[in-house]
Amino acid sequence: QRYQDFEVILLNDGSTDNSKAICEAWIKEHPEMAINLIQQENGGLGNARNNAIKKAAKPWVALLDADDLWDAKKLETVAKQISRKDADVLYHPVITFGLDTRRQRPCPEISSIEEILEKGNPIIPSAVVVKTEVLKKYPFSENPDFHGAEDFLLWLTLLKNDFSFYKINTALSLYREVDGMSTRLEEHLSKVNNVLLKAMENGWIDLPMYQKAIQRKNLEAARFLHKREKYKEALAYYDKAGELNLKYGLLRFFCLLGF
C-alpha cells in the first residue's frame with residue numbers, strides 16, 4: 001500500500017490448512033509492519049470480524065476477506081476521502097476476477113434502507129471502511145441464522161440508525177468470483193431472507209418492500225446462474241421472481257432458448 005499509517009490485524013479463524021504458518025512467516029519477513037495475529041477456534045464470519053475489530057487501535061477499520069485483493073492505492077484513496085467527507089461508512093466498486101472475464105460490479109449510491117433494497121446491496125466487505133467506534137457499538141451478528149449475510153444485516157442496521165454512507169467512485173478491490181453450486185446459492189438466499197424477515201419484524205420494512213426485495217434477490221440469482229449457462233436452474237429463479245419487466249422477460253426468454 002502507498003499509504004503506510006495503518007495496522008494489520010490477521011484473524012485465523014480455526015483454519016485447518018497452512019494459514020497459521022504462512023501468517024507467522026509473513027510477520028517475520030516484515031518486522032517494520034504493525035501486525036497482530038489472532039488465533040482462535042472457528043467461530044464464523046461475524047465472530048471473527050468482531051474479535052479482530054475489538055483489537056483495532058486506529059479510528060477506521062478496512063475489511064479484507066482472505067480470498068480478495070486490494071489495489072495498491074486503496075488506503076491512500078480512502079484516507080483522502082475520509083479527510084474530505086463527513087461520513088461513517090465509505091465504500092467503493094469492485095472488479096471481479098477468478099472466472100473467464102473481469103468486470104466492474106454495479107455499485108449504486110445508497111443512503112436508506114429503501115435504496116439498498118430497491119437498487120441492490122452494493123457493499124462488498126472487502127470494499128468498505130467503517131469508523132471503528134461504530135463497529136464496536138454495532139458489531140456483526142454472530143447468529144448462525146444470518147451466517148454469510150451478517151454484513152447485509154449490519155448495513156441495514158446502520159442505515160436505520162442514520163449513519164451516513166459515502167460512495168467512492170473508483171474500484172479499489174478485486175473480488176474473487178467462483179462457480180458456486182446452486183445449493184450454496186440457495187443457502188445464501190435463505191440467510192438473506194432471514195435478514196429481511198428480521199428487518200420486517202423490527203418494523204424497518206413493510207410486507208410490500210419485503211416482497212419486492214425477495215423478487216430482486218431471485219432475479220439476481222437467475223442472472224448469476226444464467227451467466228454460467230445453468231439455464232434450467234436460472235429459469236427456476238426467473239419463475240420464482242414472478243411478474244417480470246420487459247428486460248427480465250427478454251432475459252428469461254433467451255434463457256429458455258439456451259442463450
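Start by selecting β1, helix α1 (residues 19-29) and β2: together they make a right-handed β-α-β unit. Right-handed here means that, with the strands pointing away from you, the path from the first strand over the helix to the second runs clockwise. Helices (H or I, at least four residues) and strands (E, at least two) are DSSP runs, numbered from the N terminus.

A word on what you're looking at: this is a predicted model, where local features need pLDDT of at least 70 and side-chain atom pairs count only at pLDDT 80 or more, while totals for chains, interfaces and linings use all residues. Residues are numbered from 1 along each chain as its sequence is written, and side-chain values use heavy atoms, with hydrogens and water left out.

β1 (residues 8-13) and β2 (residues 35-40) run parallel, joined by six bridges; strands count as paired if DSSP finds at least two bridges between them. Click Leu11 and look across to Ile38 in β2, which stands opposite.

Next stop: the open sheet of four strands, in the order β3-β8-β5-β9 with mixed pairing. Its edge strands, pairing on one side only, are β3 (60-62) and β9 (165-167). From one strand to the next, the twist averages 20 degrees. Zoom in on β5 and β9, a parallel pair with three bridges, and find Tyr91 opposite Lys167 in β9.

Which residues have the most contacts inside the largest nonpolar core? Select Leu117, Trp155, Leu156, Leu158, Phe165 and Ile205, out of 38 residues in that core. Such a core is a set of buried Ala, Val, Leu, Ile, Met, Phe, Trp, Tyr and Cys residues joined through side-chain atoms within 4.5 Å; buried means under 20% relative accessible area, exposed over 50%, partly exposed in between (1.4 Å probe, protein chains only). The largest share of this core, seven residues, comes from α6.

Center on Phe165. Beyond its neighbours within four places in sequence, Phe165 is in contact (heavy atoms within 4.5 Å) with residues including Val89, Tyr91 and Trp155.

Last, pick Lys198 in helix α7 (residues 182-201). Lys198 counts as partly exposed because its relative accessibility is 29%.

Definitions and conventions
Axes fitted to C-alpha atoms, helices over the stretch in contact; angles between N-to-C directions.
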